[in-house]
Amino acid sequence: MVQSNNTMLIGNSDESRHGNKIGMESKKVDSAKQHLRHVEKDVLIPKIMREKARERCSEQVEDFTKCCKDSGILMVVKCRKENSALKECLTAYYNDPTFYEECKMGYLKEREEFRKTGIPTKKRLQKLPTSM
């Protein structure tokens, strides 16, 4: 009887350890999907933020670009108003935590897709040549 109880206890403890390992492994996988390396946090996501912010501030970018082209060398003096408007628009996006999270989630989605397929986003988005 004692042996069967010990065996039973050992069996239960092995199962519970195994169950915990599985639970821990799934937590590691989930956290690995969300984990960001230093370069991702400090370089890649801010790059995505800049690109998206430029798209969203396209009107200010166009105004500043036009002013610079029209002003030539005097652009530093003549385009202060346009430059300030552009900086204000971009800075509002850079400092917005929800915008950061949006860009981060977009990056994580792209990274996950790359890890599944091995194909970079740029190549995945290119149209395949069709023959007729």
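Reply: Fine. This is a predicted model. Of the contacts in the protein with a separation of 6 or more, 69% are accounted for by residues 24 or more positions apart.

Me: And what does the secondary structure come to?
Reply: Seven helices and zero strands. Read along the sequence, the pattern is α-α-α-α-α-α-α.

Me: Let's take a pair of helices. At what angle do H2 and H5 pack?
Reply: About 135°, with their axes 9 Å apart. H2 covers residues 38–56 and H5 covers residues 80–94.

Me: Why give an angle and a distance?
Reply: Two packed helices are described by the angle between their axes and the distance between the axes.

Me: So what do we call H2 and H5 relative to each other?
Reply: Oblique. Over 145 degrees would count as roughly antiparallel and 65 to 115 as roughly perpendicular, and the angle here is about 135°, so the two helices are oblique to each other.

Me: Is the crossing left-handed or right-handed?
Reply: H2 passes H5 in a right-handed crossing.

Me: Which residues make the contact?
Reply: From H2, Met49, Arg50, Ala53, Arg54 and Arg56. From H5, Leu90, Tyr93 and Tyr94.

Me: How many of those are nonpolar, polar and charged?
Reply: In the contact of H2 with H5, five are nonpolar, none is polar and three are charged.

Me: Changing topic: what percentage of the residues count as buried?
Reply: 15% of the 132 residues of the protein.

Definitions and conventions:
Residues are numbered from 1 along each chain as its sequence is written. This is a predicted model: local features need pLDDT of at least 70, side-chain atom pairs count only at pLDDT 80 or more; totals for chains, interfaces and linings use all residues. Side-chain values use heavy atoms; hydrogens and water are left out. Axes are lines fitted to C-alpha atoms, for helices over the stretch in contact, and angles run from 0 to 180 degrees between N-to-C directions. Helices (H or I, at least four residues) and strands (E, at least two) are DSSP runs, numbered from the N terminus. Angles under 35 degrees count as roughly parallel, over 145 as roughly antiparallel, 65 to 115 as roughly perpendicular and the rest as oblique. A crossing is left-handed if the near helix is turned anticlockwise from the far one by less than a right angle, and right-handed if clockwise. Contact means heavy atoms within 4.5 Å. Ala, Val, Leu, Ile, Met, Phe, Trp, Tyr, Cys and Pro count as nonpolar, Asp, Glu, Lys and Arg as charged, and the others, Gly among them, as polar. Buried means under 20% relative accessible area, exposed over 50%, partly exposed in between (1.4 Å probe, protein chains only).
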